[in-house]
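Biologist: I have a new model open and want to learn how to read it. Can we go through some features one by one?

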Amino acid sequence: MKLVMAIINSDDAQSVIRGLTQEGFQITKLATTGGFLMAGNVTIITGVEDSRVDEVTRIIREKSKSRSQTVPTVSESSMGGFFNAPLVEVTVGGATVFVIPIDHFEKI
């Protein structure tokens, strides 16, 4: 048995959740916030048999897409205080997936 934990952009979360539940996976959804952009994410957790891990990761891959986003940056000046620096283009979206082995599982 494996625990699959996926951190997904909020824009893709409903599509991923729908894809997983349609295939019979039971999930837990947590609202999370990324540290770099301080933007909303969703962390999905599901326990699956080893033989179904590839199926879960395939659904996540198909339903979550990377995209470019322009974000403002703020820098500290040498005289103190902050100023707006140029806009920066970053890649957001997609998913970060962790597959963790489970030694023991018990539903109580």
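Biologist: Is Ile8 buried or exposed?

Modeller: Remember that this model is predicted. Buried means under 20% relative accessible area. Ile8 has 0% relative accessibility, so Ile8 counts as buried. Ile8 is found in strand β1.

Biologist: Which residues is Ile8 in contact with, leaving aside its neighbours within four places in sequence?

Modeller: Contact means heavy atoms within 4.5 Å. For Ile8, the partners beyond those neighbours are Ala13, Val16, Asn41, Val42, Ile44, Ser64, Gly94 and Ala95. Take Ser64. Ile8 and Ser64 are 56 residues apart in sequence. In space, their C-alpha atoms are 7.1 Å apart.

Biologist: Now Asp12. Where is the place of Asp12?

Modeller: Asp12 sits in helix α1, residues 10–22. Apply the cut-off again: buried means under 20%. Asp12 has 6% relative accessibility, so Asp12 counts as buried too.

Biologist: What lies 3.2 Å from a polar atom of the Asp12 side chain?

Modeller: The backbone nitrogen of Lys65 does. A polar contact needs N or O atoms within 3.5 Å.

Biologist: Let's turn to pockets. Which residues line the second largest pocket?

Modeller: Its lining is made of Met1, Lys2, Leu3, Gln26, Thr46, Gly47, Ile102, Phe105 and Lys107. Strands β1 (2–9) and β3 (40–48) each supply at least two of the lining residues. The volume of this pocket is about 190 Å³.

Biologist: How many residues of each class are in that lining?

Modeller: The lining of the second largest pocket has four nonpolar, three polar and two charged residues. Gly counts among the polar ones here.

Notes. Residues are numbered from 1 along each chain as its sequence is written. This is a predicted model: local features need pLDDT of at least 70, side-chain atom pairs count only at pLDDT 80 or more; totals for chains, interfaces and linings use all residues. Side-chain values use heavy atoms; hydrogens and water are left out. On a 1 Å grid over the protein atoms alone, a cavity is a set of points where a 1.4 Å probe fits but cannot get out, and a pocket is an open set with protein on both sides within 12 Å along at least five of seven lines; lining residues have an atom within 4 Å of a point. Grid points are joined across faces, edges and corners, and a volume is the space filled by probe spheres set on the points. Helices (H or I, at least four residues) and strands (E, at least two) are DSSP runs, numbered from the N terminus. Buried means under 20% relative accessible area, exposed over 50%, partly exposed in between (1.4 Å probe, protein chains only). A polar contact is a pair of N or O atoms within 3.5 Å; within protein, one must be able to donate a hydrogen and the other to accept it, and residues adjacent in sequence count only if both atoms are side-chain atoms.
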